[in-house]
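Here are my notes after going through the model, point by point. Have it open beside you as you read.

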Amino acid sequence: MATSSANVDLDGNPIRPLTICMIGAGGFIGSHLCEKLMVETQHTVLAVDVYNDKIKHLLEPDSLPWANRIQFHRLNIKNDSRLEGLIKCSDLTVNLAAICTPADYNTRPLDTIYSNFIDALPVVKYCSENNKRLIHFSTCEVYGKTIGSFLPQDSPLRQDPAYYILKEDTSPCIFGSIEKQRWSYACAKQLIERLIYAEGAENGLEFTIVRPFNWIGPRMDFIPGIDGPSEGVPRVLACFSNNLLRREPLKLVDGGESQRTFVYIKDAIEAVHLMIENPARANGHIFNVGNPNNEVTVRQLAEMMTKVYAKVSGEDSIENPTIDVSSKEFYGEGYDDSDKRIPDMAIINKQLGWDPKTSLWDLLESTLTYQHRTYAEAIRQSIAKPVAS
Ligand code: NAD
């Protein structure tokens with residue numbers, strides 16, 4: 001894998017310290033990106049978010065070696081006039097802010113569309129008007145369903161990669177009907193991608209679009225009832241972690257047959273680091289960032305997480321580790337899913353020389369070790385607490 005050295009980019013040019021306006025810096029990906037930039041580079045981060053719990057360890061105390069290179073700005077980009085000023089005084093804006101949990105797509109479609117499209121508009125506009133570079137986070141969900149999923153079940157073409165590998169520059173974006181509100185997120189992300197691309201084509205905006213394919217690792221989402229609402233439904237890693245920590249069966253939606261590829265957050269952050277420091281190679285591109293070698297069905301993921309958790313916690317797994325639920329029961333009306341998501345890696349490999357390296361077992365082992373260390377005791381105490389009568 002290519003790595004950027006401290007002082008020169010992939011073409012041997014010196015890297016000058018940048019000021020980066022990072023919107024959504026307090027989230028899962030933002031926290032890892034801030035950590036990388038503080039520990040391994042000389043760049044300055046203007047961290048914008050409504051929360052900062054996941055980056056507190058980087059903000060305090062004042063004696064941290066990077067204390068003068070990170071500032072937290074608590075603001076909601078929906079309605080805060082300070083945003084333009086922060087973008088103006090930065091060299092680069094990285095926009096991570098979004099509602100991006102599948103449980104919200106069909107139950108809060110308006111918030112989902114506003115967050116992923118409307119709220120991103122001023123960010124794109126300020127970057128374009130002020131000639132500032134933008135790295136915008138989209139999603140692998142923009143591909144929707146594979147072409148292969150429309151073939152007859154017994155068609156041999158279903159095994160042909162041409163019918164399922166997802167390529168940035170040639171694959172179509174295939175969504176379900178409007179009443180399947182699940183696609184509100186993917187559609188909003190697609191439209192903001194098209195707008196950014198058009199700003200590049202018509203107004204010369206320097207942009208890079210990132211399509212993450214299931215990045216997972218420590219600090220992803222929340223554990224319901226511990227550091228998030230008890231009735232909240234986070235993404236699959238945190239849902240399954242919560243079940244394992246509470247010794248409950250893992251819920252498999254519609255048989256857990258969807259196939260996904262998972263990439264370790266630390267591998268993926270290395271790709272973003274390369275994009276930041278190699279603008280000449282990253283500008284104007286859309287990049288898939290995933291690990292095609294880590295493909296499993298959601299059922300296989302549940303089985304592997306159960307085994308890994310037994311290893312890291314030292315506890316035997318429960319007798320029936322999984323339970324089937326319907327998508328209607330779990331997510332409500334309007335849910336739908338993409339069958340399979342394998343990223344083509346040719347473009348990122350050619351432009352940035354990046355390849356993921358961590359196996360699914362290894363990334364689950366380090367992530368579940370973190371989950372166990374961070375939450376097991378809090379869960380034990382919450383279960384032991386007498387219920388108020
Ligand atoms: P996250 O929810 O952990 O982080 C998003 C952050 O944005 C949160 O801290 C949130 O408070 C902040 N935010 C949202 N709206 C805001 C607003 N109006 N003003 C200020 N801050 C706001 O999500 P993440 O996993 O870190 O994802 C970051 C980006 O990557 C998102 O755009 C998401 O769609 C995309 N993405 C991530 C994955 C993945 O595998 N994690 C997959 C596909 C796409």
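1. Let's begin with the make-up of the ligand shell. Its residues split into 15 nonpolar, 7 polar and 3 charged. Keep in mind throughout that this is a predicted model. In total, 25 residues surround the ligand, and the closest are Ile29, Asp49, Asn76, Tyr185 and Trp215.

2. Aspartate 49 puts a polar side-chain atom 2.6 Å from an oxygen atom of the ligand. Asparagine 76 uses its side chain too: an N or O atom there is 2.7 Å from a nitrogen atom of the ligand. As for cover, the ligand has 820 Å² of accessible area on its own, and the protein covers 89% of that. Helix H1 (28-40) and helix H7 (184-203) are the elements that give two or more residues to the shell.

3. Next, have a look at strand S1, residues 19-23. How many of its residues are buried? The count is 4 of 5, so call the strand mostly covered. S1 pairs with strand S2 (residues 44-49) in the parallel sense, over 5 bridges.

4. Arginine 219 deserves a stop. You'll find it in the loop between strand S8 (215-216) and helix H8 (236-245). Is arginine 219 buried or exposed? Its relative accessible area is 15%, and because the cut-off for buried is under 20%, arginine 219 counts as buried. Its side chain makes a polar contact with the side chain of histidine 32, at 3.5 Å. Beyond residues up to four places away in sequence, arginine 219 touches Phe28, Ser31, His32, Glu35, Lys54, His57 and Tyr370.

5. Lysine 145 is another charged residue in a loop, this one between strand S5 (133-137) and strand S6 (165-166). With a relative accessible area of 16%, lysine 145 is buried, because that value is under 20%. Which side chain does the side chain of lysine 145 make a polar contact with? The partner is aspartate 336, at 3.0 Å. Setting aside neighbours within four places in sequence, lysine 145 is in contact with Phe150, Ile174, Gly176, Trp183, Asp336, Asp337, Ser338 and Asp339.

6. Then there's aspartate 119, in the loop between helix H5 (109-116) and helix H6 (121-129). Its relative accessibility is 10%, so aspartate 119 counts as buried under the 20% cut-off. Aspartate 119 and isoleucine 77 are 42 residues apart in sequence, yet their C-alpha atoms are 6.8 Å apart. Leaving out neighbours within four places in sequence, the contacts of aspartate 119 are Ile77, Lys78 and Tyr114.

7. Last up, strand S9, residues 250-253. Which residues form its covered face, and which its uncovered one? Leu250 and Leu252 make up the covered face, while Lys251 and Val253 make up the uncovered one. Side chains in a regular strand alternate between the two faces of the sheet. S9 runs parallel to strand S14 (residues 322-325), and 4 bridges join the two. One place to check this is valine 253, which stands opposite valine 325 in S14.

Terms used
Residues numbered from 1 in each chain as written. Predicted model: local features only at pLDDT ≥ 70, side-chain atom pairs only at ≥ 80, totals over all residues. Heavy atoms only, no water. Near = heavy atom within 4 Å. Polar contact = N/O pair within 3.5 Å; in protein donor to acceptor, adjacent residues only side chain to side chain. Areas by Shrake-Rupley, 256 points an atom, 1.4 Å probe, with all protein chains shown as cover. Nonpolar A, V, L, I, M, F, W, Y, C, P; charged D, E, K, R; others polar. Buried < 20%, exposed > 50% of the residue type's maximum accessible area, 1.4 Å probe, protein only. Contact = heavy atoms within 4.5 Å. Pairing = 2+ DSSP bridges.
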